Amino acid sequence: MNPASVFFLSMLFAAATNLDVAQADEPAMAHEKQVLKVQAKILRRGDFIAFGFGSVWMMSGNRLGRINPADTSTIDIPVEGAIGPYRGIAIGESAVWVPDIGSKTIYKVDPQANRVVMRTPADLSDSEGSIGVDAGSVWVVTMAGKKITSKDYNRELSRFSASTGVLEATLQLPARGAAAIFDRGSVWVTGFNKNELYRVDPVTNRIVATIAMRERPRFLASGEGSVWVVNQGDGTVQRIDGRSNELIATIETGAAGGGGDIAFGGGFTWVTSHEWPVIKIDAKNNRLVGKFNAPRDAEGMGDAIRYGAGSVWVSGTSLFRIDPSQ
């Protein structure tokens with residue numbers, strides 16, 4: 001073989017090697033062909049779900065379904081007056097909380113009696129978000145009346161008593177809020193149209209930290225001492241240290257767009273989007289380890305996601321139980 005041919009083949013081999021490395025480093029390309037292993041399919045349509053008190057909770061119409069993970073049997077709890085759509089269901093203060101946009105009411109459900117025990121009026125206007133429950137209170141992003149324009153609503157964080165439903169405090173947010181959770185002694189709120197995350201002190205009811213985020217931060221989860229944020233604008237997931245407020249990691253998922261949800265459990269962060277029903281991120285190294293398609297017999301999967309009883313739960317046209325080990 002002549003020297004020119006040897007050189008040409010060497011360059012071709014090097015190019016192929018570099019191409020393989022580039023593909024392996026690109027998370028959006030590395031996991032596209034994985035298909036979910038569905039453990040169970042429960043014929044119940046819904047959106048946001050929660051896990052607590054040993055059960056999966058999901059609204060279907062004006063009934064709150066309580067699903068037993070042991071045998072997937074369901075108890076239906078009537079929620080009279082509920083219209084929907086619903087913001088993310090919350091667990092806390094010994095109750096299940098259902099924020100209903102249609103009736104502008106937060107329903108408190110007693111998991112011991114399986115019935116609604118309190119109705120709290122709240123000026124809710126956007127179903128894409130969550131509420132925080134802890135420190136004896138319910139924290140929810142609400143409208144701010146006539147103080148702002150219709151193009152910049154949801155600028156108020158309202159604090160209601162978890163025992164009486166009485167409005168205890170309001171805080172004007174710097175930007176349109178979306179989701180709220182309670183973690184590490186603070187309330188965390190995404191500032192959707194200013195690309196910010198706010199940390200609120202429940203003692204003073206004031207913002208004590210403003211953290212710059214990527215584009216259009218929306219949904220929140222907590223785990224491993226961190227707050228995890230889904231940015232709908234570019235599909236990234238960002239991890240914030242719950243003590244220092246420092247940005248720990250930005251994980252590219254390649255799943256931008258509206259909708260979606262995020263949860264934490266089993267050492268992983270779980271994300272769903274309209275395109276990908278399950279995205280799996282390893283919290284030990286902040287790396288994307290899986291992007292999963294739904295199997296052919298599980299179409300309509302991917303509205304909301306939670307972890308509980310050793311499984312991942314995804315809502316949609318049915319409620320799907322997913323094996324998290326894949």
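**A loop residue and its surroundings**

Mentor: Ser 273 has a relative accessible area of 8% and is therefore buried, the limit for that class being under 20%. Please bear in mind that the model is predicted. Ser 273 is located in the loop between β24 and β25. Once neighbours within four places in sequence are set aside, the contacts of Ser 273 are Ala 255, Gly 260 and Gly 302.

Strand β24 comprises residues 268–272 and strand β25 residues 278–282; four bridges join them in the antiparallel sense. Within that pairing, Thr 269 has Ile 281 of β25 as its bridge partner. Both strands are part of an open sheet of five strands, ordered β1-β26-β25-β24-β23, in which the pairing is mixed. At its edges are β1 (34–35) and β23 (261–265), each of which pairs on one side only. In general, the side chains of a regular strand alternate between the two faces of the sheet.

The aromatic residues come next. A pair of aromatic rings is described by the distance of the centres and the angle of the planes. The structure holds five aromatic pairs. One of them joins Phe 48 and Phe 219: the ring centres are 6.0 Å apart and the planes stand at 55°, so this pair is classed as tilted. Because Phe 48 lies in the loop between β2 (38–42) and β3 (49–52), while Phe 219 lies in strand β19 (residues 217–223), the pair ties together parts that are 171 residues apart in sequence. Phe 48 and Phe 219 are both buried.

Another pair brings us back to the segment with which we began. The rings of Phe 268 and Trp 270 have a centre-to-centre distance of 5.8 Å and a plane angle of 55°, so this pair, too, is tilted. Phe 268 and Trp 270 are each buried. Together with Tyr 307, these two residues make up one aromatic cluster. Phe 268 also has a charged neighbour: Lys 280 lies over the face of its ring, at 4.3 Å from the ring centre. A further arrangement of this kind involves Arg 218, which lies over the face of Phe 192 at 4.0 Å from the ring centre.

For another sheet, consider the four strands ordered β7-β8-β9-β10, which form an open, antiparallel arrangement. Its edge strands are β7 (90–92) and β10 (115–121), and each pairs on one side only. Neighbouring strands of this sheet are turned against each other by 25° on average, with direction ignored. Strand β8 (residues 95–100) is joined to β7 by three bridges, and the two run antiparallel. Here Gly 92 stands opposite Ala 95 of β8.

Pro 99 is a residue of strand β8. Its relative accessibility is 0%, so Pro 99 counts as buried. Not counting residues up to four places away in sequence, Pro 99 touches several residues, among them Pro 85, Tyr 86, Thr 105, Ile 106, Leu 124 and Ile 131. Between Pro 99 and Gly 84 there are 15 residues of separation in sequence, and their C-alpha atoms are 8.7 Å apart.

Strand β9 (residues 105–110) contains Lys 108. Its relative accessible area is 15%, so Lys 108 is buried. The C-alpha atoms of Lys 108 and Val 98 are separated by 6.6 Å, although the two residues are ten apart along the chain. Beyond four places in sequence, the contacts of Lys 108 include Ala 95, Val 96 and Trp 97, as well as Arg 115, Val 116, Ala 162 and Ser 163.

Strand β21 (residues 237–241) and strand β22 (residues 247–251) run antiparallel and are joined by four bridges. Arg 239 has Ala 249 in β22 as its bridge partner. Five residues lie between the strands of this hairpin, where Asn 245 takes a positive phi near 70°.

Finally, a word on confidence. The protein chain has an average pLDDT of 89, and 87% of the residues score at least 70. Over residues 1–30, however, pLDDT stays under 50, and for this stretch the model has eight contacts beyond four places in sequence.

Notes:
Residues numbered from 1 in each chain as written. Predicted model: local features only at pLDDT ≥ 70, side-chain atom pairs only at ≥ 80, totals over all residues. Heavy atoms only, no water. Pairing = 2+ DSSP bridges. Axes fitted to C-alpha atoms, helices over the stretch in contact; angles between N-to-C directions. Phe/Tyr/Trp six-rings, centres within 6.5 Å; stacked < 30°, edge-to-face > 60°. Buried < 20%, exposed > 50% of the residue type's maximum accessible area, 1.4 Å probe, protein only. Lys NZ or Arg CZ within 6 Å of the ring centre and 35° of its normal. pLDDT = per-residue confidence, 0-100. Contact = heavy atoms within 4.5 Å.
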